[in-house]
Each structure stands twice: as structure tokens, then as C-alpha cells.
Amino acid sequence: MFNILVVDDEPLICKGLSSLLAASGLDIDHIYTANSGFEALDCIRMEEIDLLVTDIQMGAMSGIELMQHAKMAKPWVQTIVISAHETFQYAQMAVRLGAKDYLIKPLNSEQFLDSVRSVVLKMDKPSPELATYMDGISESFRLEEPLPEYSELLNTLLAETASVLGREEELRKLDELKLQGPFFAVIKIKLPLPEERREQKYTSRDRSLLRYAALNIAKELLDQEWNSTAFYSPDQEITVIIQWDEKSYEESATGQVGRLDVLGRSLHFNIHRYLHLNAVIGISQILKGISFMDVLNRQASKAILWNKEHADHYVFYYGDFNWNNYAADPSPEELHTHSNLIVQKAKEYIDGNYAQKGLTIHEVAKKNHVSPNYLSYLFKKNTGHNLWEYVIKLRMEDSREMILNTDLRRYEIAERVGYESPEHFSKIFKKYYGISPSELKK
């Protein structure tokens, strides 16, 4: 069964779409509604949402911004965008962020339900058992190196960039691959292939099949939103080169690292879903110029190494670690101290800003110069609860004190602890304490 969140700043539209969904016959467990992006984001953080249906223009936080934050929180949430404007720029941005459809108001009921059905039916495909998946692809599988005439060249480029760029024939081949950038990043996917499966050892063919399947999962994700090239690398790794031209990079220059982080988590999620393997993902920084390709490759490989220190974490961004502060790779003690410092600073920032409207994990992470994914992981590991649970804890404890000890009205208390809407505040409060603010006051 699926949970769907409908977001629109017009309550009647939310009600109408919810009624349509409830009567659709789809396998829906719960339909949530929100009247602003901030309310919707709280719902996404606190509930298990499978499909987000959002308006694109909603005041303080647009549907596009909501999609960005939703992807950061849970990359697997699917989205359908609705809009009163048939604007190419909006549609292009929505598709780039992975929207499954872009519908124009006034909505046609059947068209809307068809769109939802299409998304839900694709999600409804059960995660296949590994043996079944392997048997299914092995029937038609022929081990072929992706880009066979170029894979060796690309791996050489990543290892010895200067030597490749110094030869005319190799430069011509790179032109054929359209590696023009000028901005590049490298992602490494390492598959930890277990030695045994159901009391049987993996054969070399099994390993090749798994690698082939992982590459195809990666390509399916990449082809949706990215200008990329994926290929096999040594040591059972898969490498992805991602590029941006000047225009596409500048359109979202401050958010490209965040998008890479979301991609990394999506890669891990889907490889685990279909292959039951915890792939480790290493993500480089973004640099300008193909001459830095070997640097980016080393960064992605070095990021993967941190899985040895964080065995329960699987997506690593090179920029999360202050490499320049260490003469050599930091010891476990230095790493632990640094991690504690990041969490301590995050808590201090939240303690001083939890009542700020529109506070996001992205903002807290930015203050600590780490990715939201890594901060969330460290915070949960060090404190035992996730970062947003801590924000809500502070907001609820503060509001409870005000309800019991002041004559402030509900809307005033909601305002003081960072909520736009008193109704939304009451909903969060009742979920947290089990009774509403008015019941507590009585």
C-alpha cells in the first residue's frame, strides 16, 4: 500500500484531489495534505511518503524548492507536479529534478488519476529475489564491456590524464564521446560481492551478472537527469563521469553537490533494492576542466575508503572530510573527535535557530561545511535520534512550556516555535504528545 502527499496552497484543491484518490480504487494506505511547502516537508520527514503531488507556486517555498528538499530527505520519493502555468522553464526544472509528470490546471480527473496510476504501478513492482533476478537476466545476458572501444581509454584518462590529453588520437576519441564539460565530477560504485549465496559460491559469471545488473540500474537512473558516461573500472568497480556545460552548471551552481549526493543515495537504494547488495558510493568534488580528471578519480576512490571507518554508511562525498588538516589520513581517534565536533556545532546551531521558520537540514549542514547526508548520519550515530527529531523535540518542549505558563494564543505560540500555520502546529503537537494544545491547556 502507498502513502500519497498532496500539496497545494488552496485547501479546496487539496480536498478535491484527496477525494479523487480515495475513490480511485488504488492501493492507498494514507492520503496526507499540506497547504505549504514547509508543512509538506515536515510530513515527508515524519511519515513514509511514496508519492508527492505538488503545486508549483505556493508562496514562501515553491514546488520546485519542495522537490529539492524532498529529494535531499528521501531520494526515492516520486513526484507529480501540477501548475496553473504551462511554462517551459518550470516544466524543464521539474523534469530535471525527476518529476514523473507535469499537469496543467484545471486538472482533468481521469488524466490526473492515469498519471498517479502510472507512477504507482511502477512502484508496485516487488523487489525481486536475488536468485530470480539473476536467472531472469542470465538467459539473455552476454558479457559486453559498455563502450568497449572507449572503456580502456576512459580508465587511462582517469589514471593518467596528462598522457591521454597529450596524444592526438586519444583526443579525437574523447571528442567522439563528447566529454566537453567544462565542469566534471566522478562517482565510483564499489560492489561488495559476498563469497557465498544460499550455500553456493559465487561463480565468476555470477559476479559478472551482478556487475552488469548494477551498471544497468545506474544507467537507468542517470539517463533520467544527467549528462553522464558509465563504464566498468578495475577492481570490480563501476565509474560514472558526469559533466555540465556552463549554462546547466550555473542554473543551479549552489545545488549541484546536493544533487550528486541525492544521486549517490538513489544509486545505493536501488542497487540494494534489486540486488540486495550494499554498494558503496564515492563522490568527487566538481572541478572545471578535463585536465583534472585524474584528481577527481582519486577523490572518488578516497571517499570510498571511509566506509572502513563508517561501515554502516554507504555514500561518501570527498568534500565532507577536511583532508587539508591532516598530513596523512586521520586516525580513528582523530576521525571520532572531528565527527563529535561536527555534531556539537550542529546542535549549537539548532539550539539557537530551531524557532526559525523554514529551517532545513541543508542550512545546518552548510554551516558545518558538510553534506546533509553525512551530517544526518553522524547526528543519528552520535545522539541516537535523527536531526529533525531533535528540532521537533526543542520546538515541542518550548511550546509546551508556553502553553502551561503563559496566556499566549495558539497562533502566537506556533509563530514563536517556527510554524507558519497554527493548524499545522497543532497537528505536530498532537502527534508528539498525544493530546492537542487546547486539551493540554484545559
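This is a predicted model: local features need pLDDT of at least 70, side-chain atom pairs count only at pLDDT 80 or more; totals for chains, interfaces and linings use all residues.
I then looked up Y432, which sits in helix 19. Is Y432 buried, partly exposed or exposed? Its relative accessibility is 37%, so I logged Y432 as partly exposed, because that class lies between 20% and 50%.

Next I went inside. The largest nonpolar core has 41 residues. I noted the members that touch the most others: I350, V364, Y374, L375, L387, Y419 and F425. Two or more core residues come from each of helix 13 (293–305), helix 14 (332–353), helix 15 (361–368), helix 16 (372–383), helix 17 (387–405), helix 18 (410–416) and helix 19 (422–433). Helix 17 gives the largest share, 9 residues.

Leaving out residues up to four places away in sequence, I350 touches V364, F379, L387, Y390, V391 and L394. Another core, of 33 residues, lies apart from the largest one. I found I187, L191, I283 and Y317 among its members.

Which strands pair with strand 11? Strand 6 (residues 183–190) does, antiparallel, over 4 bridges. In that pairing I traced K190 to its bridge partner V280. Strand 13 (residues 315–317) pairs with strand 11 too, in the parallel sense, over 3 bridges. There I283 stands opposite Y317.

Notes. Residues are numbered from 1 along each chain as its sequence is written. Side-chain values use heavy atoms; hydrogens and water are left out. A nonpolar core is a set of buried Ala, Val, Leu, Ile, Met, Phe, Trp, Tyr and Cys residues joined through side-chain atoms within 4.5 Å. Buried means under 20% relative accessible area, exposed over 50%, partly exposed in between (1.4 Å probe, protein chains only). Contact means heavy atoms within 4.5 Å. Two strands pair if DSSP finds at least two bridges between them.
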